[in-house]
Structure formats: structure tokens, C-alpha cells
Amino acid sequence: MSPSRPAVLIARAVFPEVVEHLRQHFEVETTPPDVFWSATELAERLQGKSGVMTTGGERVDRTLLAACPQLKIAANIAVGYNNFDLPAMTAAGVLGTNTPDVLTETTADFGFALLMATARRVTESEHFLRAGKWKEWSLDLFAGAEVHGRTLGILGMGRIGQAIARRGALGFGMPVIYHNRSRLDPSKEAACGARYVSRDELFAQADHLVLVLPYTPQAHHTVGAAEIARMKPTATLVNIARGGIVDEDALVAALRERRIAAAGLDVFEGEPQVNPALLTVPNVVLTPHIASATLPTRTAMAMLAADNLIAYLTEGRALTPLNPQVMTR
Ligand code: 8YV
């Protein structure tokens with residue numbers, strides 16, 4: 001053990017090979033058994049540490065930065081980084097990194113799986129069967145919404161949105177429409193078979209609408225009662241982005257009154273707490289933030305976060321920096 005090696009903290013338990021990889025370069029403090037530390041405890045454990053590996057649950061904000069002046073890098077094991085106050089990190093000279101690309105296809109697979117489960121009432125019908133309620137087959141038993149050939153809508157057309165679009169257009173023969181802050185260039189639109197529409201048209205025309213936009217203060221409750229009211233009564237809504245994007249109370253009211261057919265949610269405002277009203281509605285599929293959860297992908301995400309820590313603390317560069325301007329200081 002060399003005292004000159006930088007020290008890093010792994011805030012949540014990661015796979016042993018990732019810890020070993022970091023131990024080649026750093027003094028590593030980790031957290032077996034896996035616990036979620038309070039902000040105060042995180043700051044305490046970060047004393048003397050140059051780097052931290054975070055997940056979407058740990059906030060790196062002004063208070064934490066002020067308490068940890070020796071911190072140089074926070075490497076998030078997530079592509080989303082709404083847990084980072086990036087301007088505050090930049091002002092403090094702390095690099096933030098995320099894990100794009102390695103999770104794109106896996107997350108798109110899950111987005112499509114959730115769309116299918118929602119449209120075809122997979123969990124609702126399984127609950128019915130497990131409860132011993134299946135006495136007779138009937139022609140309309142759990143008759144759901146058609147998927148193939150129906151219009152797929154995507155709000156937020158980054159890498160994951162485009163990967164979902166390809167699945168819909170090429171695999172299921174779906175016309176794909178999307179809305180995004182900026183329109184894709186024509187070659188990208190052609191590659192994923194998607195047509196740009198206004199926000200209003202997206203809500204009105206989609207048979208199945210998937211939310212994949214980043215969570216920013218502007219995106220808070222961007223899907224509320226007014227947007228849901230524009231949707232077809234036969235439509236479904238899937239959210240694999242962040243919980244705060246959807247006004248859950250407005251969604252529950254719409255699902256109860258069948259103003260839309262069904263919803264699929266992998267993310268929740270205030271997770272891991274789930275709005276209790278959602279648990280009382282049958283036409284919603286609920287999963288615990290698992291869109292990127294395959295072992296190979298979660299391992300690749302954690303390894304990329306580790307490689308960012310190693311590259312930055314040993315060579316002053318990073319693979320996927322969010323605020324690269326701090327690297328040149
Ligand atoms: C993460 C995610 O697993 O990458 C993201 O933005 O939402 C998930 O893939 C989750 O945020 C835990 O860090």
C-alpha cells in the first residue's frame with residue numbers, strides 16, 4: 001500500500017472486478033454491505049478522497065462540494081446526471097463523467113419490452129392468473145392494444161430514443177414520429193425511420209408514446225394533465241427517463257378514467273418510494289428502475305465509471321467528461 005496513491009470512494013456496492021480494477025491504482029473505500037448513505041455521511045466518507053463513483057441516487061451539489069474541497073472527480077454510473085449540479089461542479093473545478101453508449105441498446109430493449117407489456121397487458125393478466133381468477137378462456141380476455149403497424153411516438157430523440165425508433169420501424173413496421181429540442185439531421189432520421197413532428201402532434205398522433213428525454217428543471221412535469229388530455233383514449237404511455245417528467249397524479253386520474261389505455265413506468269418521482277395511488281391502478285406496469293439492468297451492461301457502466309476515475313486521476317484526461325472545461329485548468 002503506497003500512501004502516495006490517490007484515495008477514491010465507491011458510494012454504492014459494485015461488482016468485485018470493478019473494485020479490483022480501481023485497487024490497481026487507488027486506495028479504495030467501498031460499501032459492503034450495500035447501503036445508501038445520507039448526504040452528511042457521504043461528505044464524511046469523502047474526506048481525503050480525490051474521486052467518487054456515484055449512482056443516480058447520490059447528489060453532488062454545492063453543500064457536498066463545499067464540504068469536500070479535495071474532490072476532483074465524480075464518476076456517475078448512469079447516462080443521466082440530474083443528481084449532479086454541473087455548474088457548481090464546474091465552478092469548484094470538479095469533473096463530472098457519465099456512462100453513455102454502453103447502455104443504449106440494453107435500455108432500448110427494455111423500453112420496447114415495457115411498451116409491449118403495457119400494450120398487451122402482460123402484468124395485469126399475470127396478476128389475474130396468480131390470484132386464481134382465471135376460470136374460463138374468453139374471446140376478449142385481456143384484449144390489449146395492437147403494437148405492430150401502429151404509430152410509435154418518442155419524446156427525446158438522443159441515442160436511446162433512436163435505438164427504440166429502430167426497433168419500432170425495422171422490427172415492428174411502425175410509423176415512428178418524434179419530438180426533440182433539436183431536429184435530427186435527415187440521415188439520422190432515415191437511419192431510424194423517424195419523422196419529426198411538433199410536441200402537440202406527437203401527443204395527439206402516437207398510439208404508443210415513449211419518454212426518453214433528460215430530466216432538467218424545464219422537463220419537470222412536462223407530461224401533465226394537458227398533454228395526457230391530447231392523447232388518444234386507446235394510447236399507451238411509457239416512461240424510462242426520470243420520474244419527475246410525468247405528473248403522476250394527473251396520470252393516475254387519466255388511467256382510472258380510461259382517458260388513455262395504459263401506462264408503463266420504470267422511474268418514479270421520489271423513488272424508491274412509489275406514489276401509493278399508482279399501486280391501486282390496474283392498467284399500469286411498474287418496474288423498479290431496471291431499464292439498463294443486465295449484468296453485462298451494468299458491469300460495462302461501472303467499468304466505464306472506473307476508467308474515467310483512473311484516466312482523470314492518473315493522466316488528467318477522461319473518456320466521457322460532462323464538463324471538460326475543468327480538465328484544461
Ligand atoms: C442507472 C439510468 O442504472 O443511466 C441512467 O441514467 O437511469 C440507469 O441506467 C441508474 O441511474 C443508476 O445509476
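1. Let's start with Arg 150, which you will find in the loop between α6 and β6. Keep in mind as you look that this is a predicted model.

2. Now look at what surrounds Arg 150. If you set aside the neighbours within four places in sequence, Arg 150 is in contact with Met 174, Pro 175, Asp 207 and His 208.

3. Next, the aromatic rings. How many aromatic pairs does the structure hold? There are three. One of them joins Phe 128 and Phe 142, with 5.0 Å from centre to centre and 70° between the planes, an edge-to-face arrangement. This pair links distant parts of the chain, 14 residues apart: Phe 128 sits in helix α6 (residues 122-130), while Phe 142 belongs to the loop between α6 and β6 (152-155).

4. Tyr 178 and Tyr 196 make up another pair. Their ring centres are 5.3 Å apart and the planes meet at 70°, so this pair is edge-to-face; the cut-off for that label is over 60 degrees. Here, too, distant parts of the chain are linked: Tyr 178 is in strand β7 (residues 176-179) and Tyr 196 is in strand β8 (residues 194-196), 18 residues apart. Tyr 178 is buried, at a relative accessible area of 0%, whereas Tyr 196 is partly exposed, at 27%.

5. A word on cysteines. A disulfide is a covalent bond between the sulfur atoms of two cysteines. How many disulfides are counted in this model? The count is zero, where a disulfide would need two cysteine sulfur atoms within 2.5 Å. Cys 68 is buried, with a relative accessible area of 2%, and Cys 192 also counts as buried, at 2% relative accessibility.

6. Finally, find helix α1 (residues 16-23) and helix α12 (residues 295-315). Their axes come within 10 Å and cross at roughly 10°. Because angles under 35 degrees count as roughly parallel, α1 is roughly parallel to α12. On the α1 side, the contact is made by Glu 17, Val 18, His 21 and Leu 22. From α12, the residues taking part include Thr 299, Met 303, Asp 307 and Ile 310. Sorted by class, this contact between α1 and α12 has seven nonpolar, two polar and two charged residues.

Key
Residues are numbered from 1 along each chain as its sequence is written. This is a predicted model: local features need pLDDT of at least 70, side-chain atom pairs count only at pLDDT 80 or more; totals for chains, interfaces and linings use all residues. Side-chain values use heavy atoms; hydrogens and water are left out. Rings of Phe, Tyr and Trp (its six-membered ring) pair if their centres lie within 6.5 Å; planes under 30 degrees apart count as stacked, over 60 as edge-to-face and the rest as tilted. Helices (H or I, at least four residues) and strands (E, at least two) are DSSP runs, numbered from the N terminus. Buried means under 20% relative accessible area, exposed over 50%, partly exposed in between (1.4 Å probe, protein chains only). Axes are lines fitted to C-alpha atoms, for helices over the stretch in contact, and angles run from 0 to 180 degrees between N-to-C directions. Angles under 35 degrees count as roughly parallel, over 145 as roughly antiparallel, 65 to 115 as roughly perpendicular and the rest as oblique. Contact means heavy atoms within 4.5 Å. Ala, Val, Leu, Ile, Met, Phe, Trp, Tyr, Cys and Pro count as nonpolar, Asp, Glu, Lys and Arg as charged, and the others, Gly among them, as polar.
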